[in-house]
Amino acid sequence: MAFSATLSSSVSFNLDEWLRGASASSLRSSCSRSGRIRSSGAMKAGGAPAASERAVKAKVPHVLTVAGSDSGAGAGIQADLKACAARGVYCSTVITAVTAQNTVGVQGVDNVSEEFVAEQLESVLSDMQVDVVKTGMLPSAGIVRILSSSLNKFQVQALVVDPVMVSTSGDVLAGPSVLAVCREVLLPIADIVTPNLKEASALLGGMQLETIADMHSAAKLLHQMGSRHVLVKGGDLPGSCDAVDVFFDGERLHDLRAPRVKTRNTHGTGCTLASCIAAELAKGSPMLPAVQVAKRFVENALDYSKEISIGKGPQGPFDHFLMLNRKVHNFRKKMILDPSDLFLYAVTDSGMNGKWGRSIEDAVKAAIEGGATIIQLREKDAGTRNFLEAAKSCMEVCRSRGIPLLINDRIDIALACDADGVHVGQSDMPVRTARALLGPEKIIGVSCKTPEQAQQAYMDGADYIGSGGIYPTNTKENNLTIGLEGLKAVCLSSKLPVVAIGGIGISNAHSVMELGLPNLKGVAVVSALFDRECISTEARKLYEVLSRTASEVK
Ligand SMILES: Nc1ncnc2c1ncn2[C@@H]1O[C@H](COP(=O)(O)OP(=O)(O)OP(=O)(O)O)[C@@H](O)[C@H]1O
Ligand SMILES: Cc1ncc(CO)c(N)n1
Ligand SMILES: [Mg+2]
């Protein structure tokens, strides 16, 4: 477990390997039992596994948390699981105590018996290849001793000790006898110990900790107790407008500063921080970057969770996955595409808006007013910053009117403004990659000219197909016109709903829709709306044509 001190100070650490995302297990092969990292030359001399061996099984970075359950799920085991999942690391759990806890405080604690903690440790460690062990609430001296002997029996890469003693609500989770054993058996084998101010003070026999200078002294003293690295957390430091933690590696002190997020939702920050450190170590990170990444993760999650409200007590949990405060939850009624949304599909064009002196938002508002059922922002000329600002405003316009908004091509803009989805062309981001980036609930449309492309779109997980150009158009250069025959071929072979696009307007929309093709759900238009003086009037007329044709075809 002497792994990380040498990692952070050793120049022989293989940075390339780490940047490629190598897990601790791959680093382990270059660690001797004493934890010294050999040079990459020595690694080669030792012989890398054959490519075929490496390809057989992908080792997943693995953290084992030995901690208590928090029924409110803000801290403890639950925070650890969420933190590791958010950082892309597998997390197994040995539960030491079950607490009845919420945002008000801790109403009850039931310790798991020492024998059963031992049994859980044996189950996990005898079977699974754990990279890093992280400890949280260890409610009795006996449990600490059992953990220590398990760690003796089963070697792991690193040990992260979060010496949980008191919950944020002030309830005691581990008494003084536990502290004494922690000092005696855990700190000497810890790669890092992460006390908050109260815990650091208690470990140091009641030392007063009120300033950053006090934290420096505490970090050095805790290092002398055997932990290879020390992080004294200053979340509770009075009168500090930054959240300052002090890191000591035995040689240098680092003040790690982050702006203090103004929020009540800080329950579980300590557990999360320690789990993130463990997760980064499991991926093969050296210690200081692991701590920096973990601290940034906590800051980011707190900032993102400022507006969420869970529980009636003074300290709420936060959201590890940065999902819960999305305004989308308030407005979005349907999560996936309703094919009827494709009926009158309006695609914006920055050139046309420029020509008519309109903002994108005004153009979008007018299109919706006239009956557009879905909007796509296709702003090929806009700079990223301006596009994002416009996209955010359009999102507000569309959300408040219940109309889906898609972004053409720019997955980054779609993510940044939380759009409903994207539309991609055959040479843009592949649908599968877009899906991986956007998640399962976003809408993805793809342009297809042929039945083969339509089949592929379905297999790749697209939600709809845009097929064209149906008629010649100036909006898209060098665009092959597939005509009504091409559209027919795509619609007949497609399992996905189709919207026709390219040169369609009031004069010819009827000819497209009267084909009555299965899966053809509507038409997409650019110039017919946006290159006209009154967008809403044109949209209204087009909507009428489409409705009339639809009822004729029925
Ligand atoms: N309001 C805040 N803004 C930014 N960072 C914070 C804030 N509060 C705490 N932190 C950071 O969160 C991490 C955990 O520190 P903290 O002192 O809160 O731990 P803790 O008391 O053990 O937490 P808990 O017991 O609630 O799990 C530290 O990196 C700290 O700087
Ligand atoms: C179970 C548990 N572990 C740790 C903490 C520290 O936040 C807590 N409140 N509850
Ligand atoms: Mg804590």
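Student: Which helix does Asn353 lie in?
Tutor: This is a predicted model: local features need pLDDT of at least 70, side-chain atom pairs count only at pLDDT 80 or more, and totals for chains, interfaces and linings use all residues, while side-chain values use heavy atoms, without hydrogens or water. Residues are numbered from 1 along each chain as its sequence is written; chains are lettered from A and ligands numbered from 1 in the order in which they are written. Helices (H or I, at least four residues) and strands (E, at least two) are DSSP runs, numbered from the N terminus. Residues 350–356 form the helix of Asn353, helix 15.

Student: Is Asn353 buried or exposed?
Tutor: Buried means under 20% relative accessible area, exposed over 50%, partly exposed in between (1.4 Å probe, protein chains only). Beyond four places in sequence, Asn353 is in contact (heavy atoms within 4.5 Å) with Thr348, Arg358, Ile360, Ala363, Glu379 and Phe530. Its relative accessible area is 2%, so Asn353 is buried.

Student: Which residues of helix 9 are buried?
Tutor: Helix 9 covers residues 176–186. The cover over its buried residues includes helix 8 (141–153), strand 5 (158–161) and helix 10 (197–203). The buried ones are Val178, Leu179, Val181, Cys182, Val185 and Leu186.

Student: How far is an oxygen atom of ligand 1 from an N or O atom in the side chain of Asn196?
Tutor: Look for polar contacts (pairs of N or O atoms within 3.5 Å; within protein, one must be able to donate a hydrogen and the other to accept it, and residues adjacent in sequence count only if both atoms are side-chain atoms). A nitrogen atom of the ligand is 2.8 Å from a polar backbone atom of Val261. An oxygen atom is 3.0 Å from an N or O atom in the side chain of Lys295. For the Asn196 side chain, the distance to a ligand oxygen is 2.9 Å.

Student: Which element gives the largest share of the shell around ligand 1?
Tutor: The elements giving two or more residues are strand 8 (242–248), helix 12 (269–282) and helix 13 (287–304). The largest share is four residues, and it comes from helix 12.

Student: How many charged residues are in the shell around ligand 2?
Tutor: The shell (residues with a heavy atom within 4 Å) includes Gly68, Met137 and His267. Ala, Val, Leu, Ile, Met, Phe, Trp, Tyr, Cys and Pro count as nonpolar, Asp, Glu, Lys and Arg as charged, and the others, Gly among them, as polar. Five shell residues are nonpolar and six polar; the number of charged ones is no residues.

Student: Where is Leu322, with its positive phi?
Tutor: Most residues other than glycine have a negative phi. Phi of Leu322 is near 55°. Leu322 is partly exposed, with 22% relative accessible area. Its place is the loop between helix 13 and helix 14 (328–331).

Student: What is omega for the cis peptide bond that joins Gly468 and Gly469?
Tutor: Most peptide bonds are trans. Gly469 is in the loop between strand 15 (464–468) and helix 21 (483–493). For this cis bond, omega is about -5°.
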